Amino acid sequence: MTNSNIVHIDLGDRAYDINVAHDAIDTLGAKLKTMFPGARYGIVTDENVQREQLPRLKKALEAEGLNYAVVTIPAGESSKCNAMLNQVVEALLAERLERTDIIIAFGGGVVGDLAGFAASIIRRGMDFVQVPTSLLAQVDSSVGGKTGINSPHGKNLIGAFHQPRYVAADLAALGTLSERQFRAGYAEMAKYGLIDDAKFFYWLEENWREVFEGGPARAEAIAHSCRAKARFVAADEKEHGARALLNLGHTFGHAFEAVTGYSDRLLHGEAIAIGMVLAHRYSTKIGIANGQDAVRVTNHFKSVGLPTELSDIPGELASTEELMHHIAQDKKVSRGALTFILTNGVGEAFIEKNVDPTSISAFLEEQRN
Ligand SMILES: NC(=O)c1ccc[n+]([C@@H]2O[C@H](COP(=O)([O-])OP(=O)(O)OC[C@H]3O[C@@H](n4cnc5c(N)ncnc54)[C@H](O)[C@@H]3O)[C@@H](O)[C@H]2O)c1
Ligand SMILES: O=C(O)C(=O)C[C@@H](O)[C@H](O)[C@H](O)COP(=O)(O)O
Ligand SMILES: [Zn+2]
């Protein structure tokens with residue numbers, strides 16, 4: 001792992017940088033002033049981030065004389081919905097932001113996905129900047145241009161690819177994030193190791209305590225994750241191929257989020273942790289992975305305090321039939337056939353098309369017991 005804190009996303013005329021630094025918010029005003037001379041800013045944030053981190057961002061913008069308006073949404077996954085999208089769009093229009101002004105998504109993945117989608121449709125498309133303040137958003141959602149909202153029909157079913165112009169991942173902002181939210185983000189970080197970087201997963205097994213504590217190990221792990229995501233996005237921006245590997249654990253996980261009502265009963269990262277364990281177990285069941293890796297992943301996630309079992313999902317679990325109903329709405333479904341990200345072992349994930357739904361349903365039934 002290198003020490004560079006600027007990660008470049010190589011996307012031709014849509015290329016941009018991620019600045020991973022302790023002062024990424026404090027230096028943002030000067031950066032924006034250079035990138036977007038004369039622009040006004042529409043900051044979209046949630047109530048927690050407004051309370052804990054907005055004063056820093058305001059100070060950075062005011063120091064450069066930048067003009068801004070703030071739109072605040074309730075915190076949590078339930079805000080990633082059509083009604084809130086509408087409110088945010090109307091609020092930004094009421095501020096008379098012009099097409100050449102800039103939207104700033106200031107918060108976790110919920111704010112990033114929602115504000116990014118709003119930016120993609122307001123005045124047929126405005127530029128936006130991501131300022132991710134949760135671990136999950138810093139290592140995953142702020143990078144790559146997937147924006148959108150949930151539908152009662154399924155997770156992230158309404159959205160657009162819309163790349164940010166810049167990402168400021170401020171390490172100091174993580175100081176006010178709760179431990180549960182940090183753990184949820186850690187699941188997406190570990191995902192990069194499980195996909196194609198076994199060395200990184202083994203490193204995390206050894207160093208996760210330091211990553212949780214903060215300091216150089218955390219900074220290194222976040223920058224490493226951004227470089228991994230940058231590689232997948234640059235190679236396959238709109239998920240025609242290898243980018244689907246970033247969906248490891250998500251076909252199961254998104255169904256768990258849907259049946260728990262997109263609520264804080266189960267956070268996205270928690271759902272994905274269970275989903276990744278299940279992807280390893282299913283791969284073992286069909287004889288393509290050795291069961292030791294499924295146990296290894298389960299044990300690591302248990303050590304950090306992440307859920308790994310269907311029984312870890314709070315409340316009464318929906319029927320297998322209902323879970324399969326949501327799995328059938330996955331965006332990777334094509335001509336009615338399921339696609340899953342399966343694995344030959346840690347760091348050896350691959351895309352499997354034409355997965356038999358009855359086999360997944362039987363597997364989920366087994367996992368309930
Ligand atoms: N677009 C993508 O590529 C992508 C990738 C992964 C996940 N996602 C999406 O991201 C969302 C999850 O993101 P998330 O885990 O960041 O959830 P989130 O946005 O709900 O943030 C988690 C919680 O932490 C709070 N918070 C955030 N930063 C804080 C800080 N610095 N101090 C105090 N509190 C803080 C928020 O208010 C919220 O309550 C899901 O909707 C998921 O689908 C998108
Ligand atoms: O960036 C991607 O590509 C991902 O799949 C990252 C995922 O962690 C993220 O949860 C994403 O929002 C899922 O995308 P979806 O297309 O399955 O909704
Ligand atoms: Zn995810």
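Which residues in α8 meet which residues in α9? The model is predicted.

## The sheet

Seven strands make up an open sheet with mixed pairing. Their order across the sheet is β1-β2-β9-β6-β5-β3-β4. Strands β1 (6–9) and β4 (68–73) stand at the edges. Each has a single partner strand, so one side of each lacks a neighbour in the sheet. From one strand to the next, the twist averages 20 degrees.

Look next at β3 and β5. Strand β3 covers residues 41–46, and strand β5 covers residues 102–107. The two run parallel, joined by five bridges. T45 stands opposite F106 in β5.

## Helix α8 against α9

Two packed helices are described by the angle and the distance between their axes. Helix α8 takes in residues 198–213. The axes of α8 and α9 come within 9 Å and cross at roughly 140 degrees. That angle makes α8 oblique to α9. The crossing of α8 past α9 is left-handed.

Now the opening question. On the α8 side stand F200, N207, E210 and V211. They meet A217, R218, A221 and H224 in α9. By class, this contact of α8 with α9 has four nonpolar, two polar and two charged residues.

Note on methods:
Residues numbered from 1 in each chain as written. Chains lettered and ligands numbered in written order. Predicted model: local features only at pLDDT ≥ 70, side-chain atom pairs only at ≥ 80, totals over all residues. Pairing = 2+ DSSP bridges. Helix = DSSP H or I, 4+ residues; strand = E, 2+ residues; numbered from the N terminus. Axes fitted to C-alpha atoms, helices over the stretch in contact; angles between N-to-C directions. Parallel < 35°, antiparallel > 145°, perpendicular 65-115°, else oblique. Left-handed = near helix turned anticlockwise from the far one by under 90°. Contact = placed C-beta atoms within 7 Å. Nonpolar A, V, L, I, M, F, W, Y, C, P; charged D, E, K, R; others polar.
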